[in-house]
Amino acid sequence: MYGFETVAVTIVATLVFAVLAPIVGCLLSGLDRKISARMQGRVGPPLLQPYYDVRKLMGKENAAVNGSEGVYVTCAFVFTLLAGGVFFAGGNLLLSVFLITLSALFFIMAAYCTRSPYAEVGAARETLQVMSYEPMVLLMAVGYFIAAGTFDTAGVFSLDAPVVCTIWGVLIGFLFVLTIKLRKSPFDISMSHHAHQEIVRGVTTEMSGPTLAKVEVMHWCENVLFLAWTALFFVWGNPISLLVAVVVALLVYFLEIFIDNNFARVKWQAMLKGAWIVALVFGGVNIAVLAFI
């Protein structure tokens, strides 16, 4: 019965996430554009411009170089929603990490199947990004387990203090790779949300219409989930901690926008080396110290 209840809760959480995450993610994307424009001395588009863009894409013809492209993108989208459902249902954080990684692999396959040289270069760079951030994300899940005593995200509500008090080094390492996962400069090497970065948009070069709209909505959901992972560090048994966690997540998102607008793109070698060094120094050392205490 316990297993059935867990599955039922996860399904409901996934459906709720599928409805609310695109709304929140759309607003965050619109806020990103407004803040970026102000930093650059421009007025910027309306707050709902991301929604208008997606609605326009949904109305276009569904043209694809390879019919498998849409299937791979759909699979990536579904696994993103499942990752969010598992997380917000209070389920296993490590499973949520694995699901979002599986989503990234399907997204890479969607680019490769087009056989476009530009999309293939973007897919290769996307693979490098996964190789860069994945060790630190896994260390984040392990650090959470050590601090909370469980992989279940619901476990934080029984704690007397937030896990950041114990795994602050892991948090620093995770914030570093969060820039990669949110596709912000200086680590947006596979594709950029800014038109001035490149003429051909990397991994999504051959995607258009409803398929590209699906990718955009998927990224909205990913942003919500990644910020929720950040907020998890600041939640404990006190209900007011939820408000604290939301405020921290928004401040982190503003910091990511600031970094995005003030740092130029780096080479993939610097990204890979930097992410692994940070994972080892902050995440690895923090976990090693806790393991031997």
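This is a predicted model: local features need pLDDT of at least 70, side-chain atom pairs count only at pLDDT 80 or more; totals for chains, interfaces and linings use all residues.
Biologist: How are two packed helices described?
Modeller: By the angle between their axes and the distance between the axes.

Biologist: What are those values for H6 and H9?
Modeller: Helix H6 (residues 168–181) and helix H9 (residues 268–292) pack at about 160 degrees, and their axes are 7 Å apart.

Biologist: Parallel or antiparallel, then?
Modeller: Angles over 145 degrees count as roughly antiparallel, so H6 and H9 are roughly antiparallel to each other. H6 passes H9 in a left-handed crossing.

Biologist: Which residues make the contact?
Modeller: On H6, they include Trp168, Ile172, Phe176 and Ile180. On H9, Met271, Val278 and Phe282 are among them.

Biologist: How many are nonpolar, polar or charged?
Modeller: The contact of H6 with H9 has 11 nonpolar residues, 5 polar and no charged.

Biologist: And how does H5 sit against H9?
Modeller: The axes of helix H5 (residues 117–148) and H9 come within 9 Å and cross at roughly 10 degrees. Angles under 35 degrees count as roughly parallel, so H5 and H9 are roughly parallel. This crossing is left-handed.

Biologist: Which residues of H5 and H9 meet there?
Modeller: Among them are Leu128, Met131 and Pro135 in H5, and Met271, Ala275 and Trp276 in H9. By class, the contact of H5 with H9 has 15 nonpolar, 5 polar and no charged residues.

Biologist: Change of topic. What caps the N-terminal end of H4?
Modeller: Asn92 does, with a side-chain oxygen 2.8 Å from the backbone nitrogen of Leu94.

Biologist: What span should H4 have?
Modeller: At 1.5 Å a residue, the 20 residues of helix H4 (residues 93–112) should span 28 Å. The end C-alpha atoms of H4 are 29 Å apart, which agrees.

Methods:
Residues are numbered from 1 along each chain as its sequence is written. Side-chain values use heavy atoms; hydrogens and water are left out. Axes are lines fitted to C-alpha atoms, for helices over the stretch in contact, and angles run from 0 to 180 degrees between N-to-C directions. Helices (H or I, at least four residues) and strands (E, at least two) are DSSP runs, numbered from the N terminus. Angles under 35 degrees count as roughly parallel, over 145 as roughly antiparallel, 65 to 115 as roughly perpendicular and the rest as oblique. A crossing is left-handed if the near helix is turned anticlockwise from the far one by less than a right angle, and right-handed if clockwise. Contact means heavy atoms within 4.5 Å. Ala, Val, Leu, Ile, Met, Phe, Trp, Tyr, Cys and Pro count as nonpolar, Asp, Glu, Lys and Arg as charged, and the others, Gly among them, as polar. The expected span of a helix is 1.5 Å times one less than its number of residues. A polar contact is a pair of N or O atoms within 3.5 Å; within protein, one must be able to donate a hydrogen and the other to accept it, and residues adjacent in sequence count only if both atoms are side-chain atoms.
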